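Hi everyone, thanks for coming.

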Amino acid sequence: KLTRAFTFFIKDLCWPYGHEVRGRKILKLKRFLFFLLLLLQFSRNIMPSEASEDMECIPSTSKAPPVKPSQKKHLPWIEKYRPTKFEDIVGNADTVSRLGIFATQGNVPNIIIAGPPGVGKTTTILCLARILLGASFREAVLELNASNERGIDVVRNKIKMFAQQKVTLPPSRQKIVILDEADSMTEGAQQALRRTMEIYSSTTRFALACNNSEKIIEPIQSRCAMLRFTKLSDAQILAKLIQVSQLEGLEYTAEGLEAIVFTAQGDMRQALNNLQSTANGFGSIKPDNVFKVCDEPHPILVQEMLEHCSQGDIHKAYKIMAKLWKLGYSAEDIIGNIFRVSKRMNLDEKVKLYFIREIGETHMKIVDGNNSLVQMSGLLARLCELSHKFQ
């Protein structure tokens, strides 16, 4: 029927009419084409559902396995094993217990948690917020990373708008604004935040996490309770690594886990990332696999180099240093591992102290920009000289 109607319109349009009659015919043709397009669009919307109903009647001949509706999500282990209760937090027990008292009393002050990265500052604040707010956690918590959103506009817009929102909470509970990496905020943003903390003190509490509390201006520090976190000990990190390895069913050795602890340097986040990377890359946790993933100067090579220095053999010590340099390690990577290995070596206490002093002075020169192989060779020469002096 559509084809016949379209043919009739074309023949009628081609008939020798006058200009006015032809214009009316063209207008009718345009309306007809518009109606035709709508009809085609409607048929496209109907056809897939009809085709799917027809396809359900045809038995499937595909050999592919059916897709499971719920598949396990592959989360990073730092998120998968992030503590949600104070009891699960590793380390800094005294500071966490103080926050536990705040949680039981309900009226929490503004707080600043300062400490090195990967020790649980943000996790502790989130645990506190979950305990205080319960089911209202999503509506009553604003989490910002101040290293990205660090300007004054964030304080004026996001934080102020959140503080003005009305949220139904239990008595003696307030909304919580979490500012991670707060020491990266500009001074103008911190000045604006100070006034916001005063105005909305009855409805909103602020929790700031930072690495260096000295970069927080004094007016904000005076309005907050200061809590300081320290680096985690090797035993605490090792216990957590063993727990995660057993839960994941990993094949590991004690030396492999100790290698991860060595590379973590008191950072739990770094330790879990290194554990997951090694497990995904090699399947087993062994020292060689760990140092391939972490790509650090191998501590066994560094220890051999220091042993040659303690014996006064500069030639063998320099061969190891040249090998590490040829592998592409920077002077700062090498000097950092030299310091960590020297603290664990079995040397005379006086010799060890002089070694550490020379390593520290060389590290200071490297930070100033003197990071050449000649500088590292000079360190080996001075260490050999010290060993000859105390023999």
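**A quick tour**

Let's start in a loop: Asn92 sits between helix H3 (77-80) and helix H4 (93-105). One thing to keep in mind throughout is that this is a predicted model. Now, what is the phi of Asn92? It's positive, about 55°, even though Asn92 is not a glycine. In general, most residues other than glycine have a negative phi. Asn92 also counts as buried, because its relative accessibility is 14% and the cut-off for buried is under 20%.

There's another residue like this in the loop between helix H11 (254-264) and H12, namely Gln265. Its phi is near 55°, again positive in a residue other than glycine. Gln265, though, is partly exposed, with a relative accessible area of 38%.

Okay, zooming out. The protein has 18 helices and seven strands, and of its 391 residues, 39% count as buried. If you take contacts between residues at least 6 apart in sequence, 72% of them join residues at least 24 apart.

So what's in the middle of all this? As a rule, in soluble globular proteins, nonpolar side chains tend to be buried together. Here the largest nonpolar core has 73 residues, and Leu241, Leu275 and Ile338 have the most contacts inside it. Which helix gives the most to this core? That's H5 (residues 121-133), with seven residues. There's also a second, separate core of 23 residues, with Leu142, Leu144, Phe162 and Ile216 among them.

Buried or exposed? Gln276 counts as buried, at 15% relative accessibility.

Last stop, a helix pair. H14 (residues 299-310) and H15 (residues 314-326) pack at an angle of about 150°, with their axes 8 Å apart. That angle is why we call H14 roughly antiparallel to H15. The crossing is left-handed. On the H14 side, the contact includes Leu301, Val302 and Met305, and on the H15 side, Ala317, Ile320 and Leu324 are among the residues involved. Overall, the contact residues divide into eight nonpolar, one polar and three charged.

Terms used. Residues numbered from 1 in each chain as written. Predicted model: local features only at pLDDT ≥ 70, side-chain atom pairs only at ≥ 80, totals over all residues. Heavy atoms only, no water. Axes fitted to C-alpha atoms, helices over the stretch in contact; angles between N-to-C directions. Helix = DSSP H or I, 4+ residues; strand = E, 2+ residues; numbered from the N terminus. Parallel < 35°, antiparallel > 145°, perpendicular 65-115°, else oblique. Left-handed = near helix turned anticlockwise from the far one by under 90°. Contact = heavy atoms within 4.5 Å. Nonpolar A, V, L, I, M, F, W, Y, C, P; charged D, E, K, R; others polar. Core = buried A, V, L, I, M, F, W, Y, C linked by side-chain atoms within 4.5 Å. Buried < 20%, exposed > 50% of the residue type's maximum accessible area, 1.4 Å probe, protein only.
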